[in-house]
Amino acid sequence: MKIFLALLSFVAFVSAAIQSPTYEVLETRTDYEIRRYPQKKWVATSVDSFGYEEVRGTLFNTLFNYIDGGNEGGVTVPMTAPVTTLVIPGEGPNCKQTFTMAFYVPEEFQENPPVPTNPAVFIEDRPEFELYSR
């Protein structure tokens with residue numbers, strides 16, 4: 001089993017219309033949960049920056065454009081939750097970090113997700129992973 005450590009930028013939607021992948025809660029703490037997610041496809045984009053606040057909107061909007069028809073065929077893909085953000089620290093102090101934000105690909109597109117037209121957007125076939133959610 002591969003452990004995938006990620007900071008989770010959880011977009012909380014209280015709606016039955018928002019699809020989410022199934023997951024298992026491994027541990028519950030006061031401020032967070034540790035969850036295990038199964039192998040699924042996610043649509044993602046990455047950027048290097050000194051801080052998350054500087055790039056959060058850009059990452060989200062890039063992915064939103066994909067689900068809003070910015071893909072081959074102009075297919076509108078439903079919004080899903082959660083939205084994850086993986087942070088890979090730079091090599092030393094005061095170095096840029098790599099931030100990768102991803103949206104879960106809904107079940108109806110898991111077998112054949114629309115191909116992104118933006119070269120900064122890619123489809124990840126993530127193996128099972130664990131993350132911290134707050």
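Which side chains meet in a salt bridge at 4.0 Å, N to O? The views below start with that pair and then move on. This is a predicted model, in which local features need pLDDT of at least 70, side-chain atom pairs count only at pLDDT 80 or more, and totals for chains, interfaces and linings use all residues. Residues are numbered from 1 along each chain as its sequence is written, and side-chain values use heavy atoms, with hydrogens and water left out.

**View 1. Arg36 meets Glu128 in a salt bridge.** The side chains of these two residues come to 4.0 Å, N to O; a salt bridge here is a side-chain nitrogen of Lys or Arg within 4 Å of a carboxyl oxygen of Asp or Glu. The pair links distant parts of the chain, 92 residues apart: Arg36 sits in strand E2 (residues 33-37), and Glu128 in the loop between strand E6 (121-126) and strand E7 (129-133). Strands (E, at least two residues) and helices (H or I, at least four) are DSSP runs, numbered from the N terminus. Glu128 is partly exposed, at 32% relative accessibility; the scale calls a residue buried under 20% relative accessible area, exposed over 50%, and partly exposed in between (1.4 Å probe, protein chains only).

**View 2. Glu53 and Arg56 pair up within helix H1.** Their closest N and O atoms are 3.0 Å apart. The two residues lie three residues apart, about one turn of the helix. Glu53 is exposed, with a relative accessible area of 56%, while Arg56 is partly exposed at 39%. Elsewhere, salt bridges that share partners join Glu24, Arg36, Glu128 and Glu130 into one network.

**View 3. Glu27 and Arg29 form another salt bridge.** Here the N to O distance is 2.4 Å. Glu27 is partly exposed, with a relative accessible area of 29%, and Arg29 is also partly exposed, at 46%. A search of the whole structure finds eight salt bridges.

**View 4. The largest nonpolar core has 16 residues.** A nonpolar core is a set of buried Ala, Val, Leu, Ile, Met, Phe, Trp, Tyr and Cys residues joined through side-chain atoms within 4.5 Å. Val43, Leu63, Tyr66, Ile67, Met101 and Phe103 touch the most other members. Helix H1 (52-67) and strand E5 (97-104) each supply at least two residues of this core, and H1 gives the most, with six. Apart from this core lies another, of seven residues, among them Trp42, Ala44, Ala102 and Tyr104.
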